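Hi,

Here's the structure I said I'd pass along. Have a look at it first, and then read on for what turned up.

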Amino acid sequence: MSNITLHTLSSMKKNGEKFAVLTAYDACFSHLVSSAGVEVILVGDSLGMVLQGNDSTLPVTVEEMAYHTQAVARGNQGSLIMSDLPFMSYATPEQAMDSSAALMQAGANMVKLEGGAWLAETINLLAERGIPVCAHLGLTPQTVNKLGGYRVQGRDKASAQQMINDAVILQDAGASVILLECVPSILAKEITMAVDVPVIGIGAGAGTDAQVLVMHDMLGVTPGRSPKFVKNFMADADTIEEAVANYAKAVKDGSFPAEEHGFE
């Protein structure tokens with residue numbers, strides 16, 4: 001696979017081709033994931049839960065994100081690396097620039113942050129300075145305490161319209177990618193059609209341009225009950241490599257997510 005860039009992802013959206021996104025947190029899995037046809041590796045602050053054993057992403061620091069981004073960059077075989085800006089590391093535009101610089105210098109090709117239209121100024125400043133941004137809307141895990149738990153977002157008319165508006169505002173501010181988590185499938189499709197940039201979904205139905213899962217979830221190793229939007233690709237595979245390749249293929253041919261993985 002030749003090196004994946006933002007231009008690659010934009011061209012895929014334009015041509016109606018789906019692309020796959022998967023988390024990785026170290027060099028070995030980065031090598032495996034990028035060699036299996038996954039276009040984007042997400043170094044997620046989900047590492048706070050799946051690696052560190054915390055009950056949320058909130059304790060994760062910029063230094064920890066930079067450490068894991070460096071490890072992923074060393075093993076990467078051409079995927080685009082997107083790294084999360086952790087909780088309270090982008091509360092001001094100046095802080096966002098410092099935090100983003102740390103992750104980009106560690107090897108990220110793009111940073112991801114959570115929030116709506118209030119982030120427009122920050123995204124504009126980052127984009128002007130050459131830092132590609134993915135804007136994360138819908139269920140934003142860093143604000144789980146304010147949201148009152150892990151709940152589907154955008155189910156009522158007002159909040160759905162607000163999410164559409166936010167996506168357009170953040171795109172216009174300079175966001176290169178939008179990520180939608182746990183939103184109704186119909187709304188996610190509307191947003192995907194309303195913006196020109198690629199839209200990645202997780203628990204957002206099959207109408208987005210791409211899908212992302214936490215690697216530990218799709219391999220079936222996360223303790224406890226899996227979220228509705230997760231499929232265990234290890235169940236029908238003999239090796240981890242085969243499971244990851246099957247995930248990438250299923251995203252691209254549209255067989256994942258199926259209807260049962262989405263929300264109304």
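This is a predicted model: local features need pLDDT of at least 70, side-chain atom pairs count only at pLDDT 80 or more; totals for chains, interfaces and linings use all residues.

His 31 sits in helix H2. Setting aside neighbours within four places in sequence, its contacts are Gly 75 and Gln 77. Asp 217 is 186 residues away from His 31 along the chain, and their C-alpha atoms are 19 Å apart.

Which elements cover them? After the helix comes Gly 37, with a positive phi near 95 degrees.

Thr 23 belongs to strand S1, which runs over residues 19-23. Buried or exposed? Thr 23 has a relative accessible area of 1%, so it is buried. Its side chain reaches the backbone nitrogen of Met 215 at 2.7 Å. Beyond the residues within four places in sequence, Thr 23 touches Val 33, Leu 42, Ser 46, Leu 213, Val 214 and Met 215.

Next, Gly 154. You'll find Gly 154 in the loop between helix H7 (144-147) and helix H8 (157-173). Its relative accessibility is 11%, so Gly 154 counts as buried. Leaving out neighbours within four places, Gly 154 is in contact with Ser 159, Ala 160, Met 163, Pro 184 and Leu 187. From Gly 154 to Ile 164, 10 residues apart along the chain, the C-alpha separation is 9.5 Å.

Most residues other than glycine have a negative phi, and most peptide bonds are trans.

- Met 88 is not a glycine, yet its phi is positive at about 60 degrees; Met 88 is in the loop between strand S3 (80-84) and helix H5 (93-106).
- Cys 182, also not a glycine, has a positive phi of about 50 degrees. Cys 182 is in the loop between strand S6 (177-181) and helix H9 (185-194), and it is buried, since its relative accessible area is 7%.
- Phe 256 and Pro 257 are joined by a cis peptide bond, with omega about 5 degrees. Pro 257 is in the segment after H11.

Finally, the whole chain. There are 11 helices and 8 strands. A compact globule of 264 residues would have a radius of gyration near 18 Å, so the 17 Å of this chain agrees with that. The C-alpha trace spans about 45 × 40 × 40 Å along its principal axes, and 55% of the 264 residues count as buried. Of the contacts between residues at least 6 apart in sequence, 63% join residues at least 24 apart.

As for the surface, the accessible area is about 11,400 Å², with 52% of it on carbon and sulfur atoms. The charge tally is 16 positive and 29 negative side chains, and the centres of the two sets are 6 Å apart.

Cheers

Terms used
Residues are numbered from 1 along each chain as its sequence is written. Side-chain values use heavy atoms; hydrogens and water are left out. Helices (H or I, at least four residues) and strands (E, at least two) are DSSP runs, numbered from the N terminus. The radius of gyration is taken over C-alpha atoms; the globule rule is 2.2 Å times the number of residues to the power 0.38. Buried means under 20% relative accessible area, exposed over 50%, partly exposed in between (1.4 Å probe, protein chains only). Contact means heavy atoms within 4.5 Å. Accessible areas come from the Shrake-Rupley method with a 1.4 Å probe; for residues, only the protein chains shown count as cover. Lys and Arg count as positive and Asp and Glu as negative; His and the chain ends are not counted. The place of a charge is taken as NZ of Lys, CZ of Arg, CG of Asp or CD of Glu. A polar contact is a pair of N or O atoms within 3.5 Å; within protein, one must be able to donate a hydrogen and the other to accept it, and residues adjacent in sequence count only if both atoms are side-chain atoms.
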